[in-house]
Amino acid sequence: MNDKVKISKYDAAGGQALLWVFTGLNAVSLVPFFIWDFNLNLLAIAMIEAAVFGFLHYRSRNFWSIWYENGNIHFKNLYKKQIVSIERFKKVETIGISRYEYGLFLDDNTVYPFALGGMEAWKLFFKMDREYYAKKVNAKLLELKNARIDA
């Protein structure tokens, strides 16, 4: 039986790859300016851009695409892939300032951050309860965990 449930509804690896593409395009676009007209203002602009892109890469490196399939929770991003048993699941809750950043906690308090993207985020825009999506996913995963343990 293949019972796949998407948890994160955001392609973390795709977002991270797209960020690398934008970083590369930005770096390539600065090269001609460094060759033809180098000055300290240009160097300051390049350092600011490097700091901004560095911060974006730092923030995105730990975001995961998460789904449940056949008794296991799958975690995947551009850099790693991990699979853990549903029995290790503890809870899902909002972890960020934004209402679209969540964390999936395991029994050893390991946190796998994930985000909502696209239409799922827009669907939650007018919800008053900040934990609405976390409660919904939490209930579904606890149901799957209990069904797995009872079987």
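**Close-up views of a predicted model**

**Figure 1. The largest pocket of the chain.** In this predicted model, the largest pocket holds about 240 Å³ of space. Its lining is made up of Tyr10, Ala12, Gly15, Gln16, Leu19, Leu56, Arg59, Ser60, Phe63, Glu101 and Ala115. Two elements, α1 (12-36) and α2 (40-60), each give two or more residues to this lining. With four residues, α1 gives the most. By residue type, the lining of the largest pocket divides into six nonpolar, three polar and two charged residues.

**Figure 2. The salt bridge between glutamate 101 and arginine 59.** Both Arg59 and Glu101 belong to the lining of the largest pocket shown in the previous figure. The two residues form a salt bridge, in which the closest N and O atoms are 2.9 Å apart. Glutamate 101 lies in strand β6 (residues 101-106) and arginine 59 in helix α2, so the pair ties together parts that are 42 residues apart in sequence. Arginine 59, by contrast, is partly exposed, with a relative accessible area of 36%.

**Figure 3. The salt bridge between aspartate 108 and arginine 88.** Here the side chains of aspartate 108 and arginine 88 meet, with a distance of 2.9 Å from N to O. Aspartate 108 is partly exposed, at 45% relative accessibility. Arginine 88 also counts as partly exposed, with a relative accessible area of 28%.

Figure 4. The side chains of glutamate 93 and lysine 91 meet in a salt bridge, at 3.4 Å from N to O. Glutamate 93 is partly exposed, with a relative accessible area of 28%, and lysine 91 is partly exposed at 29%. A search of the whole structure finds four salt bridges. As a general principle, side chains of opposite charge can pair when their charged atoms come close.

**Figure 5. The whole chain, as a setting for the close-up views.** The chain contains four helices and seven strands. Read from the N terminus, its elements follow the order β-α-α-β-β-β-β-β-β-α-α. The radius of gyration is 20 Å, well over the 15 Å that the globule rule gives for 151 residues, so the chain is more spread out than a compact globule. Along its principal axes, the C-alpha trace spans about 70 × 35 × 25 Å. How much of the chain is made up of buried residues? Of the 151 residues, 36% are buried. Among contacts between residues at least 6 apart in sequence, 55% join residues at least 24 apart.

Terms used: Residues numbered from 1 in each chain as written. Predicted model: local features only at pLDDT ≥ 70, side-chain atom pairs only at ≥ 80, totals over all residues. Heavy atoms only, no water. 1 Å grid on protein atoms, 1.4 Å probe; cavity = no way out; pocket = protein on both sides within 12 Å on 5 of 7 lines; lining within 4 Å. Points joined across faces, edges and corners; volume = space filled by probe spheres on them. Nonpolar A, V, L, I, M, F, W, Y, C, P; charged D, E, K, R; others polar. Buried < 20%, exposed > 50% of the residue type's maximum accessible area, 1.4 Å probe, protein only. Rg over C-alpha atoms; globule rule 2.2 N^0.38 Å. Contact = heavy atoms within 4.5 Å.
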